[in-house]
Amino acid sequence: MNLSGASYWALRVFTWMVLGLLYLPLAIIVILSFNTATSLSWPPDGLWLDWWRKAAAADAPRDALWTSVKLALASTGVALVLGTCLSFALARYRFFGRSSLSFLVVLPIALPGIVTGVALRNTFLRLGWDLGFRTVVLGHGTFCIVLAFNNVIARLRRMAPNVQEASADLGAHGMQTFRLVTFPLIRSALLAGGLLAFALSFDEIIVTTFTAGAGVETLPQWILNNFARPNNVPLVTVVATVVMLLSIPLAWLAQRLTGEPTGLGAGR
Amino acid sequence: MGERLERAAGLSATAASTGGGAGRRASRLFHGHPKVGLGALLSGPLLWLIVVYLGSLAVLVVSAFFTIDEFTNQPTTQLTTANVEEVLGTRAFWDTVIRSVAVASAVTLLSLVLALPMAFYVAKLAKPWARRSLIVAATLPLWAGYLVKAYAMRAVFEPGGSGGQGGGFLQGAVGWTPGFGRTAVVLTLTYLWLPYMILPIYAGLDRLPTSLLDASGDLGARPLRTFRSVILPLLVPAIAAGSIFTFSLSLGDYITVKIVGSKTQLIGNLIERTLLAPNQPLAAAFTLWPIVIMIAYLIVVARLGAFESL
């Protein structure tokens, strides 16, 4: 295909423009975190570290951050175990209903969060369970399974079957083969799927709102509750900036592990 | 592969059957009986996805036919079609559903229009060493947080008081803003979900051999013709995969709508409001809309090959 110089430059400028638009709002939030006023107005009245000092002293956002981390870790654990089991079953066995299972695993993430949230809330309440940390883990785990599943099954499909046969020929039994051969080969896929599940759970707000009781406040919930209070807006921009800075190394790690840019294990 | 593997492992298990150890015994159990292994692998995920998840969806659908106790506002198990009739028979609710589908479609189309040229530049025109950095740059904002980005867009669109006093970025820097409303909702949702469209399209283009495009050019096709007749048909699965996210995530959204939508109402807002009313059966009847729309959508995109490109 012979693109003219003009089309090449047009596409190039367009690409950089879209990238610029993706980062502009984030830059605005970072700049506003140094604002002295309590509104989102532009240009900022003056810049100072006041709100950073106040944020460092505030307990509520730190507690919420800690809740979110614990929650994301628990949901990721659940998702990794279930997703890995499912991907092994689908990669290694032929059975009835096999093709509908890959549809079923995508469903919780393809249906809007409000449907998943309302459905699970309804069930938990009917079962007489108290809404709290555990019910949120159940909710988040449900839509995180697909991330572990996608990453692990992609790896299993690429893996040559003869490595396991070779291991068996050398006298290893199934458990040894798993521990010494299969697991090291899927380890980075597990880590990548786990990171994505962690990120998705950490950021989730809709399913959290419906499956959490009054006693649980995650970081997204704290942000949602405090943006509504005008006096706390700069505090929220500070916390948002910190979260963005923390997420950069995680995103970089996930990208390194899969060798692919990572969305939902997209692109395999 | 599975069968061969089973046989090989079975052989080794037989050969080693004189050995002891819990691991060895467990291995023998699994490999002598492939069904035991399959059952062990599937029981957890199936219990979760079918019993907990599909079970919950089924109960939700059924509860749309429950009545509500007038005094306690609690759903009772007495059956009625009144909720579904109310949802289907009210003009305003139809308008909301149509508006939601229109917003979700607009977000999907806008994302596509932005993602296609960009993904093409990155995958086919950028210098090889720059590709990776560019695509990582396009996905990094996904990690910045949904609410952070939604509020960032609020800071962009904020119209301020009369005369733009206290207005946001657009008002302050450009002097014009669409303000809060349906336009702001579409733009914000596009901003939120655009990377989900860029990623699969980039991956699809990356797999597309450049020689195919050269061949089309050698046969006399101009770039636009190559795009329409060669690239676009091969990208259909990738576009379908990306559209699942842009469409579904926009269809059910109600938080962004609250943040930048002013008085705009989508189906998610109706569900939330009814649930808080509280009228659980009526809320359940409303959720039938997104469930039906998304399942129909998934069936269509599955035919287009979306699930292989996910």
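In this predicted model, the largest nonpolar core has 162 residues, of which B:A119, B:I198, B:I201 and B:Y202 touch the most other members; such a core is a set of buried Ala, Val, Leu, Ile, Met, Phe, Trp, Tyr and Cys residues joined through C-beta atoms within 7 Å, and a residue is buried if 20 or more other C-beta atoms lie within 10 Å of its own, with C-beta atoms placed from the backbone. Helix 9 (residues 182-207) of chain B gives the most to this core, with 16 residues, where helices are DSSP runs (H or I) of at least four residues, numbered from the N terminus.

The model is predicted, and local features need pLDDT of at least 70, side-chain atom pairs count only at pLDDT 80 or more, and totals for chains, interfaces and linings use all residues. Residues are numbered from 1 along each chain as its sequence is written, while chains are lettered from A and ligands numbered from 1 in the order in which they are written.

Turning to the contact between the chains, 96 residues come from chain B and 82 residues from chain A, two residues being in contact if their C-beta atoms, placed from the backbone, lie within 7 Å. On the side of chain B that touches chain A, helix 3 (residues 34-63) of chain B gives the most, with 15 residues.

Helix 1 (residues 5-32) of chain A packs against helix 7 (residues 146-157) of chain B at an angle of about 85°, with their axes 9 Å apart; these axes are lines fitted to C-alpha atoms over the stretch in contact, and angles run from 0 to 180 degrees between N-to-C directions. The two helices are therefore roughly perpendicular, a term for angles of 65 to 115 degrees.

Technical notes
A residue is buried if 20 or more other C-beta atoms lie within 10 Å of its own, exposed if 12 or fewer, and partly exposed in between; C-beta atoms are placed from the backbone. Angles under 35 degrees count as roughly parallel, over 145 as roughly antiparallel, 65 to 115 as roughly perpendicular and the rest as oblique.
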